[in-house]
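Please look through the structure shown below, and keep it in view while reading the report that goes with it.

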Amino acid sequence: MPERKSVRGRSPQLAKLTPPTLPLVLNRKRLFRVLDKSRKRPLTWITAPPGAGKTTLVASYLKARRLPVLWYRLDESDADPSTFFHYLTLAAKSLAPRFRKPLPALTPEYALGLPTFTRRYFQDLCTRLPRRCVLVLDNYQEVPETAALHHLLYCALEELPNHVSVIVMSRQQPPSAMAKLKADRGLALISPQQIELSKAEARAIVLLHNRQKTGRSVKASVDELYRRMGGWAAGIVLTLEHARSRGVTASAQAGETPETVFQYLAGEVLERLAPEVQQLLLKTSI
């Protein structure tokens, strides 16, 4: 697991538990208001495809609202509950170091009573978290469909006090284990359509990346970018960066698809598909 360098004697932070470093980003006030409202419920579930800007949205929102955060980046290893609780304990210790008593450890005797352990663990965890704290679970789609974590998360959410909320980012809809929470209106779902950039937001991003452009050139860039990329944040940003590196306008660059966009799609989409699906897509594209 990669680690971040220590600062002023502090122990190094695991990348898995570290919020992303934000580049120059647009504060999406439209969605900030949606998140303000959704956080009144225990769980906010953000579903959107790769490159839609889920992680950037949540990180910039937490920074703008100055909310304390316990950030957890999920991966396949979290299918094992002991791994999940181990790293969650490390994250809690980093966020609230003044608590010396350790959180409950998942030992073998709890194997047949995981829901009970989960409830006890989160009761203890939430007493340590500061008010208005947000537990962020990023990359939730990496957790296998059959993992016990889906059911354990539901148990955890039932123990959350009013001063703690959870935000999940995923490329997939909530698992069936969350159906009851959704029925009880304990889950706020933010859809891919809501995450897509509006044309006004696309224009603001063009202006952020090209501060010296005139109104006419900005309009031409936005019109062409939005025609080709729609509200896909990664496509627009990658095209702007590629255009700037070549010293051309985004409107000129938007007429072709830069190699960086293909690389992004290959790494984030194609490589994650089953081999037979990759073959089908390659053959049909030809």
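The report that follows takes up a helix, a tryptophan, a pair of helices and the cysteines in turn.

The model is a predicted one, and the values given here were computed from it.

**Helix α1**

Helix α1 covers residues 29-38, and within this helix Leu31, Phe32, Leu35 and Ser38 are buried. Because these four residues cover an arc of only 125 degrees around the axis, they lie on the same side of α1. On the other side of α1, by contrast, Lys29, Arg33 and Lys37 are exposed. The buried residues of the helix pack against several other elements, namely β1 (43-47), α2 (54-65), β4 (164-170), β5 (187-190) and α7 (192-195).

**Tryptophan 71**

Strand β2, which runs over residues 69-73, contains tryptophan 71. What does this residue touch, if residues up to four places away in sequence are not counted? Its contacts include Lys16, Leu17, Thr18, Pro19 and Pro20, and they also include Thr55, Val58, Ala59 and Leu62 as well as Val136, Asp138 and Met169. Tryptophan 71 and leucine 95 are 24 residues apart in sequence, while their C-alpha atoms are 9.8 Å apart in space.

The table gives the relative accessibility of tryptophan 71 together with that of two cysteines, and each of these residues counts as buried because its value is under the cut-off of 20%.

| Residue | Relative accessibility | Class |
|---|---|---|
| Tryptophan 71 | 1% | buried |
| Cysteine 133 | 0% | buried |
| Cysteine 155 | 8% | buried |

**Helices α4 and α5**

The axes of helix α4 (residues 114-128) and helix α5 (residues 149-157) come within 8 Å and cross at roughly 40 degrees, so α4 is oblique to α5. The contact between the two helices is made by Leu114, Pro115, Thr118, Arg119 and Phe122 on the α4 side, and by Leu152, Cys155 and Ala156 on the α5 side. The crossing of α4 and α5 is right-handed.

**The cysteines**

A disulfide is a covalent bond that joins the sulfur atoms of two cysteines. How many disulfides are counted in this model? When a pair of cysteine sulfur atoms has to lie within 2.5 Å to be counted, the number of disulfides comes to zero.

Methods: Residues are numbered from 1 along each chain as its sequence is written. This is a predicted model: local features need pLDDT of at least 70, side-chain atom pairs count only at pLDDT 80 or more; totals for chains, interfaces and linings use all residues. Side-chain values use heavy atoms; hydrogens and water are left out. Buried means under 20% relative accessible area, exposed over 50%, partly exposed in between (1.4 Å probe, protein chains only). Contact means heavy atoms within 4.5 Å. The arc is that of the directions from the helix axis to the C-beta atoms. Axes are lines fitted to C-alpha atoms, for helices over the stretch in contact, and angles run from 0 to 180 degrees between N-to-C directions. Angles under 35 degrees count as roughly parallel, over 145 as roughly antiparallel, 65 to 115 as roughly perpendicular and the rest as oblique. A crossing is left-handed if the near helix is turned anticlockwise from the far one by less than a right angle, and right-handed if clockwise.
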